Amino acid sequence: MKKLSLVAAGSCVMVLVGLTGCADSPEVDVPKESLTVESCGLELNFDSVPERAVTLSQAATEVMLELGLADQMVGTANLYGAIPDHLRQAYDSVPELAAEIPPLEVILDTNPDFIYGTIGSIFTPAEAGDRAEHQELGVNVFLSNMNCENSPAQPVPATFDAVFDEIRTIGEIFEVEEEAEAFIATQQAKIDAALAEAETLTAAPSVLWFFAPYQGIPYVAGADGIPDNVNKLTGTTNVFSDLDTSPWPEVTWEAIVEADPDVIVVADLSERGLPGDSAQEKIDMLKSDPASASLTAVIEDRFIIIPGPPMDPSVRSVDVLVDFVAGLKELGY
């Protein structure tokens, strides 16, 4: 629990009911003050630090692990990329409930007191359960405010500041504020260095962020996601920044051909292992399809390969900016 020093201008003061303190009073343990946070239209109230957390997305899992909270986790699920090496040992200490979204009964069998996810679409009765119903049972469900699907609230744009706000909130809930701030400071330093490098770019190309082709339909980065934020910070252009229907909207091949981007960023999801997930498979497809083969970026082989998981808001999203700027430099910009 937090320590509270009962000090007030050298005189005794009332701090909490039944507690007084003086200038030379020692620090004493006090109960956690009630904390209220907002999550996609729901107010979550915490009277104690959660001890049995379940994470239902890779981004949520990595936030918890990065803040040193593995011992307070009783389950993870929905891993779709490789866990960073420095988090692997901590990850292996937490039970994996399912490769994707576990059935509701599996989640409840862990007796959780906190559920954390970053994908709004999973919180339905048919999947991970309705958030409000969990709350009625005394389980707080924190859904990232950057993805409020199936909720009454509108999502906030996925910016690095929004990612940092979420990390701070998790830090407050689990009383690891110092760890949260220390991590954020390292990430801000990486942003500053990458943007300094971006100022040396010789041009500001237009960019297509190519996430995945499902059943032949291309999914790309639209407005208000991490890739779009990276474009805004670097002065480059996301060719589909006008699409705000979802972080990864589907488009037509005709629209991609019409946009004719200078550069294509290819999301590498090879660890997930689905057909067409690897960056090389996507590049091969773009080169072999007659329509996409006509794109300037494809003809001139202007691809930047970046791991896919950090393109969703997470503790690794800053790496997308770093890798993007480095990729542009390698292409001669």
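**Entry 1: α6 and α11**

I began with how helices α6 and α11 lie against each other in this predicted model, and I found that they pack at an angle of about 20°, with their axes 9 Å apart. Since angles under 35 degrees count as roughly parallel, I noted α6 and α11 as roughly parallel to each other. I also looked up the hand of the crossing of α6 and α11, which is left-handed. For the contact itself I listed Q187, K190, I191, A194, L195, E197 and A198 from α6, which meet V318, D319, L321, V322, V325 and K329 from α11. When I sorted the residues of this contact by class, I had 8 nonpolar, 1 polar and 4 charged.

**Entry 2: α7 against α11**

I then turned to helix α7 (residues 226-234), which packs with helix α11 (residues 318-330) at an angle of about 55°, their axes lying 10 Å apart. That angle makes α7 oblique to α11. The crossing of α7 and α11 is right-handed, whereas I had noted the crossing of α6 and α11 as left-handed. On the α7 side I found I226, V230, N231 and T234, and they meet V320, L321, F324 and V325 of α11. The residues of this contact of α7 with α11 are 6 nonpolar and 2 polar, with no charged ones.

**Entry 3: the open sheet**

Next I traced an open sheet of 5 strands, which I wrote down in the order β9-β8-β7-β10-β11, with parallel pairing. I marked β9 (96-98) and β11 (140-143) as the edge strands, because each pairs on one side only. From one strand to the next, the twist averages 20°.

**Entry 4: helix α1**

I followed helix α1 (residues 58-66) across β7 (53-55), β8 and β10 (114-117), and noted that α1 runs at about 145° to β8. I then asked myself how many of the 9 residues of α1 are buried. The count is 8, so α1 is largely enclosed by the rest of the structure. The buried residues I recorded for α1 are Q58, A59, A60, T61, E62, V63, M64 and L65. Looking for what covers the buried residues of α1, I found that the cover includes β7, β8 and β10, together with helices α2 (85-92) and α5 (160-173). Just after α1, I noted that G68 takes a positive phi of about 75°.

**Entry 5: D277**

I looked up D277 and found this residue in the loop between β15 (263-268) and α9 (279-288).

**Entry 6: the whole protein**

I finished with the overall counts, and recorded 11 helices and 16 strands in the protein. Of the 333 residues, 49% count as buried. Along its principal axes, the C-alpha trace spans about 75 × 50 × 35 Å. Among the contacts with a separation of 6 or more, 62% come from residues 24 or more positions apart.

How values were computed: Residues are numbered from 1 along each chain as its sequence is written. This is a predicted model: local features need pLDDT of at least 70, side-chain atom pairs count only at pLDDT 80 or more; totals for chains, interfaces and linings use all residues. Side-chain values use heavy atoms; hydrogens and water are left out. Two strands pair if DSSP finds at least two bridges between them. Helices (H or I, at least four residues) and strands (E, at least two) are DSSP runs, numbered from the N terminus. Axes are lines fitted to C-alpha atoms, for helices over the stretch in contact, and angles run from 0 to 180 degrees between N-to-C directions. Contact means heavy atoms within 4.5 Å. Buried means under 20% relative accessible area, exposed over 50%, partly exposed in between (1.4 Å probe, protein chains only). Angles under 35 degrees count as roughly parallel, over 145 as roughly antiparallel, 65 to 115 as roughly perpendicular and the rest as oblique. A crossing is left-handed if the near helix is turned anticlockwise from the far one by less than a right angle, and right-handed if clockwise. Ala, Val, Leu, Ile, Met, Phe, Trp, Tyr, Cys and Pro count as nonpolar, Asp, Glu, Lys and Arg as charged, and the others, Gly among them, as polar.
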